[in-house]
Amino acid sequence: MNAHSETLPPAEAGPTSLGPLPAEGGTPLIGRKVPRVEDDRLLRGKSRFVADLAARTDALCVAILRSPHAHAEIERIDDDAARQMDGVEAVLTDRDLEGIGTLPCDWAPPGMLWEVQHPVLASGTVCYAGQPVAAIVARTRAQARDAVAAMDVRYKLLEPVLDQEAALELGAPKVHEPGDNVALRKRRAGGDYERARRSAQIVIARRLTNNRLAPSPLEGRAVLSDYDPVTHSLTHHSSSQLPHVHARALSDCLGFPAHRLRFVSPDVGGGFGAKLGFYAEDVIVALAAMRTGRACAWIESRSDTLVGTTHGRDHVQYAELTATRNGRITGLKTRIVADLGAFAMGMGPGIPAINAGLSVTGPYDIPNVVSEVTAVYTNRMPTGPYRGAGHPEATCLIERMVDELAMELQLDPAEARQRNFVPPEKMPHKLPTGFTLDSGNYADNLDAALSAFDIESFRKAHGSSGRRIGVGIATYSETSGAAPSMGMAAVGFRRAGHESARVVMHPDARVTVFSGAHSHGQGHATTLAQIAADALQIPLSAVEVVQGDTSVIPFGTGTYNSRTMAVGGSAVHRAAWRIREKLARIAAVKLQCLPKEVVYAEGTFTARRRGLRGRAFLALRRLEDRVKARVFNRITGLDLPGGVRGRQAVPLAEAAREAHLAHDVPLGLVPGLDETEFFDPKDMPASYGTHIVGVEVEPRTGHVGILKHVIVDDCGQVINPLLVAGQIHGGAAQGIGQALMEDAGYAPDGTPGATSLMDYALPRATDLPDFEISHTVTPTKLNPLGAKGAGEGATIGAPPAVVNAVLDALRPLGVRDIRMPLTPERVWQAVRDAE
């Protein structure tokens, strides 16, 4: 199948049809609200999601038999009846997986005590409800599901452990033998917290929780695999955020030669971190294709999503804050108990240990810090990355504690924050936990949000409604664009920090960008094209972006941690500029000038006025021409045709064509316009922002309504404001979902509390306000674009702002805390308890 690419409608044929080009100077495409170029194709039904591709083939259908129990021994699997059923082509159990590896853990940070990896199919014991036990391969989905129902599995129930604190208790059931349930202990300290506590005028201690969430992208996971026995090659389509990383995982798991594996991730309908994990279904479907000799496909149901795809968050947090009476925070001690679920899967262990544990100070200048993280195994679905991945958990902790400090001192919550921000003159600022904030002006950002919200006017406008009115503030910072590669190795992250880009200019001056990043809804076909078109000063319609196919793209890391613009976009920018510099060298030959004297504007190369060095260069160029002519004559017996010299201008299309023909180029210049860049930044830029939320709460029913939500974001240089606004809208919606309604809980016997969207509440349009978005712009110096991450910030800032607003509304009634999500029942009960 074709490589995944996003292409604008082609212009008329011929190099002169490129249309008007941007003028030199400024950034005419970067920073412009360009509509997404991929939407026309998607809205017209010309999508290429994995399920679409599977529907166009005669692929066999795979169904998964999952454990109904949280913890049990498998005594017997009787698959005789299933094997005899009409349409069944194969049945796979653990007996059929000899030599197949386990699912990898990508992030085992320092402090990891033992790493229990997820088996492809359960062997001997099941450790969570939803764990794959067997697979059926049949001609239709209905036949596969019927065969799953006919499987007879005998279980011996074992006592489960379903709470991370219960897992730490003496005598708690063991999820795995022979060790205990503690998977990881990580401690990081800076300054002298004990001294700060002894001298503190204010000490505040709280126990907080961060609820378990089920990422629910619009498109579930899907896999289509096809094995060619003639070439011994495997073409594997998967709804993945990390095509190259998952190709390596599949190759390792199967013991399959990497050079014969083509991993394709076509259109992807959302990921939010859930599609960063490498799952059993990828291995099962590939193995089924190899065993049956037929293409095989598995399409996730919504129930599969809720019980078989990694969950996010799920922390119990203990925080102690010390401060002076004037509101200056002097110390912070935190202890996070994180639930990894039944296995160390994907990025699971690193998220609490590194992302959360090292980010607990947020944007605040807190000199004395102790951060402890304990991650445990339980009999629940493994946890992994979910939008923000550790930063929302850390931000909820510190923002709740800063609000508690403000209440203790009867201080304006905004003022409490202003007194503790890291000031811009201290940037870059190394946090006591080790992370570095590269740049930022947090006070100005908060001031902009306060000005946009106007808290006093809001309270006056809504204070007579009869309901309780509250305003909540949250600020956040997020180190994004995971890098550099050497630094990732130091924290046990088994991925690269660089990103690849290959930029090719064709003889007609059109451009193809091959990017190792991968879009799952962000609009990379637009933003990466903007970056390339801007560097080369060509129209957006002349650029095509290709992603998601390991057979045509240089090794790429993929998309997560808001890294695509900062890292992947920078790779595109550098590769495109190298092409522009090569074109200038070619144009210099025809213009008879130094390459540095070449000016490029509006699609045309011209020469500046020549100085003494330029005239000397002209003499050398003429000598070079005579040498080339003699060599050409000696080889061919003909005279060198030579280009027209002393030109006033050279069009881009002519220079591009000359680069490929190499008839009249500088000696030693390699023909073609094909540049590859692996951009590996020195550190991670820190995005930041402020959320201010106004709510009304009905104490008699517990209903919370969001009346106003102001967001001031700072993601450095904004590539496309329209797409950034979309990212902020979506991120804020997910943050509000966590704050008010989403909870992937479990029953006391370990049965998932949510197995469909009848049980798991997602925010709807009627639950959301009209978001008011603006920006401050603090470019980073860590990449040539000045860009920082934009995709996760709103999910980080929204939950604590909503919670702080609700508590502000109910504090006069005596309510001091409510555990997320703040459902109507919990709000109502908190009011009753306070009364």
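Student: Before we start, what should I keep in mind about the numbering and the model?
Tutor: Residues are numbered from 1 along each chain as its sequence is written, and side-chain values use heavy atoms, with hydrogens and water left out. The model is predicted, and local features need pLDDT of at least 70, side-chain atom pairs count only at pLDDT 80 or more, and totals for chains, interfaces and linings use all residues.

Student: Okay, at what angle do α16 and α17 pack?
Tutor: Helix α16 (residues 524–536) packs against helix α17 (residues 564–591) at about 35 degrees, and their axes are 8 Å apart. Helices here are DSSP runs of H or I with at least four residues, strands are E runs of at least two, and both are numbered from the N terminus. Axes are lines fitted to C-alpha atoms, for helices over the stretch in contact, with angles running from 0 to 180 degrees between N-to-C directions.

Student: And which residues make the contact?
Tutor: Among them are Leu-528, Ile-531 and Ala-535 of α16, and Gly-568, Gly-569, Val-572 and Trp-577 of α17, where contact means heavy atoms within 4.5 Å. By class, the contact of α16 with α17 has ten nonpolar, six polar and two charged residues; Ala, Val, Leu, Ile, Met, Phe, Trp, Tyr, Cys and Pro count as nonpolar, Asp, Glu, Lys and Arg as charged, and the others, Gly among them, as polar.

Student: What about Gln-537, is that one buried or exposed?
Tutor: Gln-537 is buried, with a relative accessible area of 6%, where buried means under 20%, exposed over 50% and partly exposed in between, using a 1.4 Å probe and protein chains only. Gln-537 lies in the loop between α16 and β22 (543–546), and has a positive phi of about 50 degrees although it is not a glycine.

Student: Where does Asp-454 sit, then?
Tutor: Asp-454 is in the loop between α13 (442–453) and α14 (455–462), its phi is positive as well, near 60 degrees, and at 37% relative accessibility it counts as partly exposed.

Student: Switching to sheets, what is the strand order in the one with β19?
Tutor: The order is β19-β27-β28-β29, an open sheet of four strands with mixed pairing, and two strands pair if DSSP finds at least two bridges between them. The edge strands are β19 and β29 (771–775), each pairing on one side only, while the twist averages 15 degrees from one strand to the next.

Student: How many bridges join β27 to β28?
Tutor: Eleven bridges join β27 (residues 686–698) to β28 (residues 703–714), and the two run antiparallel; His-691, for instance, has Ile-711 in β28 as its bridge partner.

Student: Which strands does α13 lie across?
Tutor: Helix α13 lies across β19, β27, β28 and β29, at about 30 degrees to β27, whereas α14 lies across β19, β27 and β28, at about 145 degrees to β19.

Student: And why is β20 called largely enclosed?
Tutor: Six of the seven residues of β20 (residues 499–505) are buried, so the strand is largely enclosed by the rest of the structure. Strand β20 pairs with β26 (residues 674–679) in the antiparallel sense over six bridges, and five bridges join β20 to β21 (residues 511–515), also antiparallel.
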